[in-house]
Amino acid sequence: MAQQTVLVVDFGGQYNQLIARRVREANVYCELISYEKITEKIAETKPIGLVFTGGPASFNEPGAPRIPAEIFSTGIPVLGICYGCQLIAGTLGGAVGNGPREYGRRTLDITDGKSKLFDGVKAASTCWMSHTIYIEKLPEGFKTTATTETCPVAAMENADKKLYGVQFHPEVMHTEEGFKMLKNFLYNVCGASGEWTMSNYVERTVKELKQKIGDKKVLCALSGGVDSAVAATLIHKACPNLTCIFVDHGLLRKGEAEEVVRVFRDEQGMNLIAVDASKRFLTKLAGVTEPEKKHKIIGEEFIRVFEEEAKKIGKVDYLVQGTIYPDVIESGLNHSAKIKSHHNVGGLPDVVDFKELVEPLRLLFKDEVRRLGFEIGLPKEIVMRQPFPGPGLAIRIIGDITAEKLDILREADYILRDEIAKNGLDGEIWQYFAALTNIRTVGVMGDERTYDYTVILRAVTSVDGMTADWARIPFEVLQNISDRIVNEVKHVNRVAYDITSKPPETIELE
Ligand code: XMP
């Protein structure tokens, strides 16, 4: 049976991916598409429903996104959000116009408790508004189903035609009953059966991979990061002839290289080639202080080592890429052909002799990749791993890189991670790490004068790494981390906490 699909039609709204993720969280598969492709995607996917996102345009202005009116006569249920709601009204003969700015929390009053959209929803609840355009006249056949103090049409519907519009944003957390409303639309109006779960995904994908790949030769670069780990493990479940190559560039955190070998070779039973290239990388990096040069050397050397190993294996049928859905969306919605190259493995397709790429996570959001990871038995340390840059600790050591500095940083970083975990803060902080500066200062330990390094602690909260704020770690925790670092790590006599947000800083130091 074909998979039920909802199309989330993008009009440029800032919450477009969030809407898609919420639909998936409701166990309904959806795809995020540009409004310009709506007709062809409907023909291709035969969706059970359409959700129109918000967008920055104003319906009446020239060049505002429009869609063919016939779409509203196909019988496919539609939920329009913000701009999506105005688009329904404007296209079907209603009127929209400017009104007072309505931004932030508002009380939503349901005026029609019988609406399928509001089944089980409180008569008054908080919703999140962000608009200046209002529905001034409803299209024929529509009625108002909710209002706010300033917005006379906060929700409208034509239940016979299964067309629904909301001026507020049900997808954001601030809309108290928003997720319930989305589920009502998906289940009560579109007739979703809730089949999109990670266990179903594993079953379906393993079956497809078995059929497609069988015992053909597959090659995968394992970085230890969550995407390549989950992709490789999924393929391993389906295909007997998978080889993974793990290049240890010697710039990983304490215990990480050992963990990769333990999890994938010993526990999962994969055919894993682990290459210790640490000396090679150190030699190449000797004396290099310029950040961009470090990035370049590491990227190039990584490709070279991988190429040498891949040559030993010879031609393979498939090369695994850990591309995930946000990368696909980014390329699709921007109408650009370039897919962001995957962390650590960009450039590999150029040096590996393969017939086809296989991307088993192409349809998944990051949170789904993590749930899938747990589903297929990967440990928490891999599945919940915080982002880690491809060039590793090299861009967390200011100045030149030596084996000694790497050891100092590994130990300091390990203490930070240990204390964060012990204090139960790992769930709230998005990324946290230590960095080693090339500043040496005078200190006193016992009765001895020291002249040693300064370690910087960096911890940030973020949603996607694009912007970040420094994490408000309790002083007592910082105190402990500092005490332990100066006591347990040789050649560090000073610890500083970085209290700058991004922008103007970046998360990494180089
Ligand atoms: P920045 O430092 O740009 O970091 O604020 C944003 C996010 O990207 C990660 N990052 C990298 N990842 N190669 C990577 O694979 C890199 O060169 C790199 N630089 C930064 C960083 O850890 C953060 O999550």
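This talk walks through one predicted model, from its sheet to its rings and then to one of its helices.

Since the model is predicted, local features are taken only where pLDDT is at least 70 and side-chain atom pairs count only at pLDDT 80 or more, while totals for chains, interfaces and linings use all residues. Residues are numbered from 1 along each chain as its sequence is written, and side-chain values use heavy atoms, with hydrogens and water left out.

Let me begin with the sheet. In general, the strands of a sheet pair through backbone hydrogen bonds, either parallel or antiparallel. Here we have an open sheet of 9 strands with mixed pairing, and the order is E2-E1-E3-E4-E9-E8-E7-E5-E6. At its edges are strand E2, residues 29-34, and strand E6, residues 124-137, each of which pairs on one side only. From one strand to the next, the twist averages 20 degrees, where axes are lines fitted to C-alpha atoms, for helices over the stretch in contact, and angles run from 0 to 180 degrees between N-to-C directions.

Within this sheet, strand E4 (residues 78-81) and strand E9 (residues 163-166) run parallel and share 4 bridges, and valine 78 has leucine 163 in E9 as its bridge partner. Helix H3, residues 83-91, packs on the sheet and touches several strands, including E4 and E9, with a direction at about 120 degrees to that of E4; contact here means heavy atoms within 4.5 Å.

Next, please look at strand E13, residues 316-320. Is this strand enclosed or open? Because 5 of its 5 residues are buried, E13 is largely enclosed by the rest of the structure, where buried means under 20% relative accessible area, exposed over 50% and partly exposed in between, with a 1.4 Å probe and protein chains only. E13 pairs in the parallel sense with strand E10 (residues 218-222) over 3 bridges, and also in the parallel sense with strand E14 (residues 354-358) over 4 bridges.

Now for the rings, where Phe, Tyr and Trp (its six-membered ring) pair if their centres lie within 6.5 Å, and planes under 30 degrees apart count as stacked, over 60 as edge-to-face and the rest as tilted. The structure holds 10 aromatic pairs. One of them joins tyrosine 103 and tryptophan 128, whose centres are 5.8 Å apart and whose planes stand at 65 degrees, so this pair is edge-to-face. Because tyrosine 103 lies in strand E5 and tryptophan 128 in strand E6, the pair ties together parts that are 25 residues apart in sequence. Tyrosine 103 is partly exposed at 46% relative accessibility, whereas tryptophan 128 is buried at 12%.

Finally, consider helix H14, residues 403-422. Its 20 residues reach 28 Å from first C-alpha to last, close to the 28 Å expected at 1.5 Å a residue, the expected span being 1.5 Å times one less than the number of residues. Its buried residues include Leu406, Ile408 and Leu409, and the buried residues of H14 pack against helix H8, strands E15, E16 and E18, and helix H15. After H14 comes glycine 424, whose phi is positive, near 65 degrees.

Key: Two strands pair if DSSP finds at least two bridges between them. Helices (H or I, at least four residues) and strands (E, at least two) are DSSP runs, numbered from the N terminus.
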